[in-house]
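Welcome! Let us take a friendly walk through one protein chain, starting with a single residue and then stepping back to see the fold around it.

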Amino acid sequence: MTTRTPWFTSRSDLLSLLVVGAAVIVWQAIGLVASVARILPNQDAPVDVMIMGATVDLPLGPDGAAVAATVDTATLTVSDLPVATYVAALGAAAVPPLATIGVTVCVLLLSRRMLAGQFFSRTTTRLITAVSLLIAGGWVAWFGCSVLASNGVLAQIADRAVMEQITFQVSWTPILASMAVGALAAAFHAGERLERETEGLV
């Protein structure tokens with residue numbers, strides 16, 4: 001396989017990309033540690049719960065008067081969570097930054113190869129496929145943990161009438177994004193195969 005450096009790239013492009021990627025990874029790592037550290041003691045832990053469909057009173061009116069409102073999520077401070085709820089809350093806090101770090105690393109490696117002119121190769125295809133799987137897998141893991149954590153926290157402190165109003169809605173955006181990246185991986189795989197078949201003919 002031949003490689004050539006694209007005319008539109010320079011060493012500064014790669015350096016800028018690495019700096020931005022490193023900043024994202026560091027920022028996500030800090031957020032990961034902070035989020036897990038708040039939940040880990042299992043005392044006064046802030047847990048995000050899904051309360052879509054439930055009506056709550058918020059002090060938004062004149063002089064702090066209560067106004068009926070609907071919200072999608074709320075952060076509740078709870079202690080002594082059951083084991084299953086505790087693990088789910090940790091997972092819901094840890095999965096998004098971990099998935100973001102994984103995607104960022106793959107994108108950095110992919111960009112480095114492309115900036116070096118290595119467009120069609122097995123490694124490139126695998127990196128794009130990994131990004132697709134990380135998006136889909138990260139979202140599924142986060143959603144599952146969030147639902148389990150929400151149910152556990154609400155069962156512990158919420159009124160039954162409130163719980164009956166709550167619905168869980170699935171966002172298809174991450175799945176569609178994963179499918180789009182997967183299609184891109186398929187296109188690169190086809191390009192890789194075509195390049196192998198035509199190598200040496202020109």
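We begin with Ser132, which sits in helix H3. Keep in mind that this is a predicted model. Is Ser132 buried or exposed? Its relative accessible area is 9%, and because the cut-off for buried is under 20%, Ser132 counts as buried.

Which residues does Ser132 touch, once those up to four places away in sequence are set aside? They are Ser178, Val181 and Gly182. Look at Gly182 in particular: 50 residues separate Ser132 from Gly182 in sequence, yet their C-alpha atoms lie 5.5 Å apart in space.

How many disulfides does the model contain? The count is zero; a pair of cysteine sulfur atoms would have to be within 2.5 Å to be counted.

| Residue | Relative accessible area |
|---|---|
| Ser132 | 9% |

Next, a look at how helices pack. Two packed helices are described by the angle between their axes and the distance between the axes. Helix H2 covers residues 83-115 and helix H3 covers residues 122-157. Their axes are 8 Å apart and meet at an angle of about 165°. That angle makes H2 roughly antiparallel to H3, because angles over 145 degrees count as roughly antiparallel. The crossing of these two helices, H2 and H3, is left-handed. What kinds of residues form the contact of H2 with H3? There are 24 nonpolar residues, eight polar ones and one charged residue.

Finally, step back to the whole protein chain. It has five helices and four strands. Reading from the N terminus, the order is α-β-β-β-β-α-α-α-α. Of the 202 residues in the chain, 32% are buried.

Methods
Residues numbered from 1 in each chain as written. Predicted model: local features only at pLDDT ≥ 70, side-chain atom pairs only at ≥ 80, totals over all residues. Heavy atoms only, no water. Axes fitted to C-alpha atoms, helices over the stretch in contact; angles between N-to-C directions. Parallel < 35°, antiparallel > 145°, perpendicular 65-115°, else oblique. Left-handed = near helix turned anticlockwise from the far one by under 90°. Nonpolar A, V, L, I, M, F, W, Y, C, P; charged D, E, K, R; others polar. Buried < 20%, exposed > 50% of the residue type's maximum accessible area, 1.4 Å probe, protein only. Contact = heavy atoms within 4.5 Å.
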